Amino acid sequence: MYDAIAERYDELWGTRAHDAAEFAFLRAHAGTGPVLEVGVGTGRVAIPLALSGLAVVGVDPSRGMLDVLARKLAQQPGADVEPRLGDMTLAGVTGAFMLVYCVYHTLVYAGSRAEQATLFRRAAELLRPGGTLVVEAYHPGLARRVRWDRGVRVRVLTDAACDIEVYEHDADLQTVDVTAIRVQGGDAERTRWVERYLLPAQLDGLATDAGLVLHARTGGYADEPFTTASRRCVSVYRHRQPEGTRGRG
Ligand SMILES: C[S@@+](CC[C@H](N)C(=O)[O-])C[C@H]1O[C@@H](n2cnc3c(N)ncnc32)[C@H](O)[C@@H]1O
């Protein structure tokens, strides 16, 4: 579904209020790199990280998003970003990364629960000793969309255009079925996708199964405490064994 919005992504979602804090947070965990972004999109985070001197590998299944990223990279010759077509199973990705990160709720776009579990397992394999996995997920308990069992959000774009999103929440399956309709100049274009959210304890369970442990959890990138009122959940995981002891018999 990101192919459909790729050309508009930066205009609609390309800036977040906490961009600077998010960059500083990820930069602090990246050391000297390299870093791996899961769901790199149009490079909102990857490009600034690369311009700060890091080598970045960015995986995304949307050719449209990667095309926009490639155009932006052509304007930024100093940014070392390697775009790769792929999903969060990270098939074919090799390397030893100081930081693997999956932000902006990208985890919910996995095609299956197995894919989400694979992300944690592959991240653990691809992290250097002492490396960090950062996962930002929306906090489902009180997050705005999940409060509505059937919710509608309308975003007016211009006098002649608006986006309508209809959410259907299934609390048992922990899914939100989203139908997005763009109405423009008498035409309507519909896109549909399923978001699979995870509770913090479930994230931690996947991490544990992968050999990672929770190092920190906040409600945002500026060290906000994580509470039941948090709209987002930022989790930082590290290998269970401390740096320097992995691989010893
Ligand atoms: C909300 S955007 C975030 C993009 C970028 N990380 C950012 O912060 O601006 C979600 C991204 O996840 C990608 N995505 C969707 N399904 C995915 C999957 N199964 N595995 C990895 N990435 C996926 C989309 O193509 C899109 O680029």
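This is a predicted model: local features need pLDDT of at least 70, side-chain atom pairs count only at pLDDT 80 or more; totals for chains, interfaces and linings use all residues.
## The shell around the ligand

In total, 20 residues surround the ligand. The closest are Glu37, Gly39, Arg44, Asp60 and Glu115.

Which side chains place a polar atom by the ligand? Start with Glu37: one of its polar side-chain atoms lies 2.6 Å from a nitrogen atom of the ligand. Arg44 has a polar side-chain atom 2.8 Å from an oxygen atom of the ligand. Asp60 also takes part: an N or O atom in its side chain is 2.6 Å from an oxygen atom of the ligand.

How much of the ligand does the protein bury? Taken alone, the ligand exposes 590 Å². The protein buries 95% of that area.

Helix 1 covers residues 2-13, and helix 4 covers residues 63-74. They pack at an angle of about 30 degrees, and their axes are 7 Å apart. Angles under 35 degrees count as roughly parallel, so helix 1 is roughly parallel to helix 4.

Which residues meet in this contact? Helix 1 supplies Tyr2, Asp3, Ala6, Glu7, Tyr9 and Asp10. Helix 4 supplies Arg63, Gly64, Met65, Val68, Arg71 and Lys72. By type, the residues of the contact of helix 1 with helix 4 divide into five nonpolar, one polar and six charged.

## Two backbone details

Most residues other than glycine have a negative phi, and most peptide bonds are trans.

Where is Pro34? Pro34 sits in the loop between helix 2 (19-30) and strand 1 (35-38).

Definitions and conventions:
Residues are numbered from 1 along each chain as its sequence is written. Side-chain values use heavy atoms; hydrogens and water are left out. Axes are lines fitted to C-alpha atoms, for helices over the stretch in contact, and angles run from 0 to 180 degrees between N-to-C directions. Helices (H or I, at least four residues) and strands (E, at least two) are DSSP runs, numbered from the N terminus. Angles under 35 degrees count as roughly parallel, over 145 as roughly antiparallel, 65 to 115 as roughly perpendicular and the rest as oblique. Contact means heavy atoms within 4.5 Å. Ala, Val, Leu, Ile, Met, Phe, Trp, Tyr, Cys and Pro count as nonpolar, Asp, Glu, Lys and Arg as charged, and the others, Gly among them, as polar. A residue is near a molecule or strand if one of its heavy atoms lies within 4 Å of it. A polar contact is a pair of N or O atoms within 3.5 Å; within protein, one must be able to donate a hydrogen and the other to accept it, and residues adjacent in sequence count only if both atoms are side-chain atoms. Accessible areas come from the Shrake-Rupley method with a 1.4 Å probe; for residues, only the protein chains shown count as cover.
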